[in-house]
Structure formats: structure tokens, C-alpha cells
Amino acid sequence: MTGYAAIPRIAPPSAWGLGVTEARPEVPSDADGAVEALYLAHWDQLVRLSVLLVRDQGMAEEIVQDALVAVHQRWDRLTDHHKALAYLRQAVVNRSRSALRHRGVVSRYLARQQAPETAPGADQPVLGDSRRRMVLEALQQLPRRQREVLALRYYLDLSEAEIADALGISRGAVKSHASRGSAALRPILEELGPDLRTDQ
């Protein structure tokens, strides 16, 4: 599997289902072909998104796999196949939220059982770079929606419209969450260097 020791800012690949202003290329009509195309074009990007939210590479890969299976199962029910990527991103975000909630329940249970934390975190291979680890730790302090918007904007380089589609919110809400999240992160990111600032 691809390593995620560094999670750079990613320019979106030129593949079907991305930009709102691009000409619409032909989408595979069958579920198998469509999901294969989504997998080949967007696997790394979607796993990186989930890693930013759950901070666990193995869990992120499972989340993206499950989301791809869900798209395959519901392919015939999608009214606009060109929006499959937006649906897939939303599924990844929603499943990442669910995984975090489940992990929180498990963590509270283990804390009550006073189980010692002897094993290293599963995110260590993913977050080896200290600067990016600091950014990710700072992101975790933000409210969930601000964290999701900033992850989609600055790590996947999505437009406001694409973020709105992925999260099921308005473009105005995207602007508001991005502004508040950036303001909260700015003092930390300025200490880490100009290349990690959110106002570029």
C-alpha cells in the first residue's frame, strides 16, 4: 500500500466527476466499470482524506473500501452518475465520523477498565513528519465541521462547490466554517512556517 508519512497538498487529478465547469466525459454505465474508474483515479486522495479525519491508515483504507462498495451497490439508484465522486466523498466523511464515534466509545470503555496503553498508535507510520503531525494535531482541536472543511480544502484542494456537495451543506456554510477554522489554526501554523499557513 502507498505510504502516507507526509500528506501534501494535492492537486485534483483530471478524472470524470470532478470540476463543476469541466466538460462531462462519458461515465461507465455499469457499476463494475464505474467503481473501478473511481478506485483507480481517487483511491489515494480518498484515503488521505480519511486519514486526516481518523488518523489511522488501516482504518482509513477500510472506510474507503466500504464507501466504494456502497457506491457499487447503489449505482443503479444514483440519479446522476456524474455526481458519483461527490457521493463517494460524502460517504467517506460520514463513515470517518462514525469510526471516530465508535473509537470514542471504545476509548471511554477502556479508560473505565483502566487498560494500559502499551501499544504504539496505529497512526505513527502515517504521521512520521513532525511538522505535519503538529498540523494534524491542531486540526483535531477544531469542531468537526471546521476540520472536515479544512481537510477537503487544503489537503484535497477542492472548490467550495465540491466541498458543499461532499458534506451536504451550503457554499455559505463552507465559507463560514473555513474562515473560522483558519482563524483558529493561523497562530499555530504561522509558527510552523509560511508553507503551512491556511491563507495562501
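Is D157 buried, partly exposed or exposed? D157 is partly exposed, its relative accessible area being 25%. The model discussed here is predicted.

## The D157–R153 pair

The side chain of D157 meets that of R153 in a salt bridge, with an N to O distance of 3.0 Å. R153 is also partly exposed, with a relative accessible area of 25%.

The structure holds 5 salt bridges. One of them joins the side chains of R97 and E148, at 2.7 Å from N to O. This pair links distant parts of the chain: R97 belongs to helix α3 (residues 84–112) and E148 to helix α5 (residues 144–155), and the two residues are 51 residues apart. R97 is buried, and E148 is buried as well.

## The R171–E160 pair

A salt bridge also connects R171 with E160, where the closest N and O atoms are 3.8 Å apart.

Salt bridges with shared partners join R97, R144, R145 and E148 into one network.

## The aromatic pair

A search of the whole structure finds 1 aromatic pair. The ring centres of Y39 and W43 lie 5.3 Å apart and the ring planes meet at 50°, so the pair is classed as tilted. The class follows because an angle under 30 degrees would count as stacked and one over 60 as edge-to-face.

Y39 and W43 both lie in helix α1 (residues 31–54); they are separated by about one helical turn because they are 4 residues apart in that helix. Y39 is partly exposed, with a relative accessible area of 39%. W43 has a relative accessibility of 9% and so counts as buried, the limit for that class being under 20%.

Definitions and conventions. Residues numbered from 1 in each chain as written. Predicted model: local features only at pLDDT ≥ 70, side-chain atom pairs only at ≥ 80, totals over all residues. Heavy atoms only, no water. Salt bridge = Lys/Arg side-chain N within 4 Å of Asp/Glu carboxyl O. Buried < 20%, exposed > 50% of the residue type's maximum accessible area, 1.4 Å probe, protein only. Phe/Tyr/Trp six-rings, centres within 6.5 Å; stacked < 30°, edge-to-face > 60°.
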